[in-house]
Amino acid sequence: MKSVFSAPGDYVYFKSQVPLHKIPIGTKQWRYYDFGPKVVPPLICLPGTAGTADVYYKQIMSLSMKGYRVISVDIPCVWNHQEWIQSFEKFLDAIDVHHIHLYGTSLGGFLAQLFAQHRPRRVKSLILSNTFLETRTFAAAMPWAPIVGWAPTFLLKRYVLTGIRDGPHEPFIADSVDFVVSQVETLSRDDLASRLTLTVDNASVKPLLLSDSFITIMDTNDYSSIPQELKDQLGERYPGARRAYLKTGGDFPFLSRPDEVNLHLQLHLRRVGLEAHPELVQSIPKDGTGGSHSKENDKKDRDDEPKDYGGNPDSNSEESQSPPSAPESSEFPGLDSQLLSNAEIHHENSVVLNRSATLMKQHEAAARILLQSTWELVIVSLLPLCVGSLYISNNARKFRQLM
């Protein structure tokens, strides 16, 4: 599939401007993007089982232009929840970050809550989307959970992809699914096995010291891979949390409904007192310094800044409480327009390729599933023969010993 997948134009532009960081910490390799003014406590984005650091590129592009620092990370190969907590804390120490705001979806939301439970002084707020409190449901749905670490790559990928709803989608949701599927293809066997292990390993989130007023729960109303009963449990655990509802968006609203998601993220960060610094935003440098520049250039930028203080954009999303009365942050319409115009140029060039490749993807996916099913049938058919032969050989050896 990845041979025919055509990346969206805005993602191509993002990759050309924002550097990917890779740092080894102990035995773990951390892969992440870090963009925005370094003086701002960061919003750290944690993906789900099928996600990578790249799936939040729309949030990095939008929020960094408004003066927020956004860090998006890959979940490294950790095999239990305690290892995740210790590894993530070492990562924060390595990049010299102490206080954080966490945005997690699906498995990422569960891991964000676990970290907030065990390291409460570091987590200032939580945004949880399509996530859960405990793993028993997923362990019961995976009878081969004890041997997930031994499963072959194609079986792990197939299991992850079958968790993504199939069928006709709205165009933006279909594009988001295609993008996430392309990211799954980049994951190694250990990546997939460790994430599935975290999903089925017995654990639950205990009550947090963090006040509900510093938590936002953002869910889609159409469908997601997380059962509704688990999302209801989350709401019951945090009754005082701000609720944000997206009418549509599927499993990946951060890709399919980025404007609405970014708006809710901004409202949350303002409500918990995180101050953006749009005056530090100048451009997207290749070295990933987040647009920091000299005071002289900063003064010139402020003098040339258009005095445009628009309100919040129209949105199909709903909130259960009124928006905060904090003043609107000043923005840079010129920078946003330039970024979007460049992204649109790339996007227009890729639309034709996207549509023409759809049929090829469908045929290749069907052939691939057929091949995988054939191999599984062969393995299942041969397994009783292997067990029987081992049993016969064992009895024969015992008989010879008796003789």
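Analyst: Beyond its neighbours within four places in sequence, Leu133 is in contact (heavy atoms within 4.5 Å) with Phe110, Gln113, Ala203, Ser204, Val205, Gln233, Leu234, Arg237 and Tyr238. The model is predicted, with local features requiring pLDDT of at least 70 and side-chain atom pairs pLDDT 80 or more, while totals for chains, interfaces and linings use all residues. Residues are numbered from 1 along each chain as its sequence is written, and side-chain values use heavy atoms, leaving out hydrogens and water.

Leu133 lies in the loop between strand S6 (123–129) and helix H5 (136–141); helices (H or I, at least four residues) and strands (E, at least two) are DSSP runs numbered from the N terminus. Leu133 counts as buried because its relative accessibility is 6%, where buried means under 20% relative accessible area, exposed over 50% and partly exposed in between, with a 1.4 Å probe and protein chains only. From Leu107, Leu133 is separated by 26 residues in sequence and by 9.9 Å in space, C-alpha to C-alpha.

Leaving out residues up to four places away in sequence, Leu102 touches Leu43, Ile44, Leu46, Phe88, Ala112, Phe115, Val123, Ser125, Leu126 and Ile127.

Just after H2, Gly67 takes a positive phi of about 100°. H2 packs with helix H11 (residues 258–271) at an angle of about 55°, the axes being 10 Å apart; axes are lines fitted to C-alpha atoms, for helices over the stretch in contact, and angles run from 0 to 180 degrees between N-to-C directions. Lys58, Gln59, Ser62 and Leu63 of H2 meet Pro258, Val261, Asn262, Leu265 and Gln266 of H11 in this contact.

Finally, the chain as a whole contains 13 helices and nine strands. Of its 403 residues, 48% count as buried. Among contacts between residues at least 6 apart in sequence, 80% join residues at least 24 apart.
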